[in-house]
Amino acid sequence: MAKKNYVCKLDKALYGLKQAPHAWYAWLYGKLEALRFVPSKANTSLFYYRRGKLVMFVLVYVDDIIVAISSHEATGALLEDLEQEFALKDLGDLHYFLGIEVQRSRDGLKLSQG
C-alpha cells in the first residue's frame with residue numbers, strides 16, 4: 001500500500017479544549033522522537049529523519065501532516081508506525097497547502113501563490 005506522496009489528516013481531533021493543540025503536538029512529537037525524527041531548529045512544525053540515502057520530512061500544521069520521503073517503502077513503513085497511534089486519512093497528492101498551490105512535473109515541484 002506504499003504510495004509515493006501522502007497528505008495525512010487526522011480523523012479525530014481534540015477540538016474544544018484549550019490544551020488540545022499542545023497535547024496533540026506533544027503526543028505526535030513523542031511518537032516522531034521515538035521513530036528517531038529530529039525537530040527542525042528553524043521551524044517547530046518540521047521534523048526530519050536522515051539515515052544514509054533515506055531522507056524523510058514531516059511537516060505538521062494544526063491537524064494536517066505532509067510527508068515527503070525519498071523511498072516508497074519507507075513511506076509505507078512510516079505510515080504504518082503512525083497509524084498505530086493516530087487515525088490517518090490519505091488525501092492523495094498535495095495540490096494546495098496554506099495558500100500555496102503545488103504542481104508536480106517531471107523536474108520536481110512548482111510552488112506558487114495566486
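## Basis

Residues are numbered from 1 along each chain as its sequence is written, and side-chain values use heavy atoms, with hydrogens and water left out. Because the model is predicted, local features need pLDDT of at least 70 and side-chain atom pairs count only at pLDDT 80 or more, while totals for chains, interfaces and linings use all residues.

## Overall fold

The protein has two helices and nine strands; helices (H or I, at least four residues) and strands (E, at least two) are DSSP runs, numbered from the N terminus. Their order along the sequence is β-α-β-β-β-β-α-β-β-β-β.

Of the 114 residues, 28% are buried, where buried means under 20% relative accessible area, exposed over 50%, and partly exposed in between (1.4 Å probe, protein chains only). The accessible surface comes to about 7,900 Å², and carbon and sulfur atoms hold 55% of that; areas come from the Shrake-Rupley method with a 1.4 Å probe, and for residues only the protein chains shown count as cover. Among contacts (heavy atoms within 4.5 Å) with a separation of 6 or more, 46% join residues 24 or more positions apart.

## Nonpolar core

A nonpolar core is a set of buried Ala, Val, Leu, Ile, Met, Phe, Trp, Tyr and Cys residues joined through side-chain atoms within 4.5 Å. The largest one contains 19 residues, and L28, F37, V58 and L78 touch the most other members. Two or more residues each come from helix 1 (20-34), strand 3, strand 4 (54-61), strand 5 (64-69) and helix 2 (72-83). Helix 2 gives the largest share, four residues.

Neighbours within four places in sequence aside, V58 is in contact with L32, F37, S45, L46, F47, I65, I66, V67 and L78.

S40 sits in the loop between strand 2 (38-39) and strand 3. S40 counts as buried because its relative accessibility is 15%. A polar atom of the S40 side chain lies 3.2 Å from the backbone nitrogen of N43. Beyond its neighbours within four places in sequence, S40 is in contact with L46 and Y48.

## Y48 and the surface patch

Y48 belongs to strand 3 (residues 46-51). Y48 counts as partly exposed because its relative accessibility is 31%. Together with V38 and F57, Y48 makes a nonpolar surface patch of about 220 Å².

Notes
Patches are made of residues with over 30% relative accessible area and no salt bridge: like charges are joined within 9 Å, nonpolar side chains (Val, Leu, Ile, Met, Phe, Trp, Tyr) within 5 Å. A salt bridge is a side-chain nitrogen of Lys or Arg within 4 Å of a carboxyl oxygen of Asp or Glu. A polar contact is a pair of N or O atoms within 3.5 Å; within protein, one must be able to donate a hydrogen and the other to accept it, and residues adjacent in sequence count only if both atoms are side-chain atoms.
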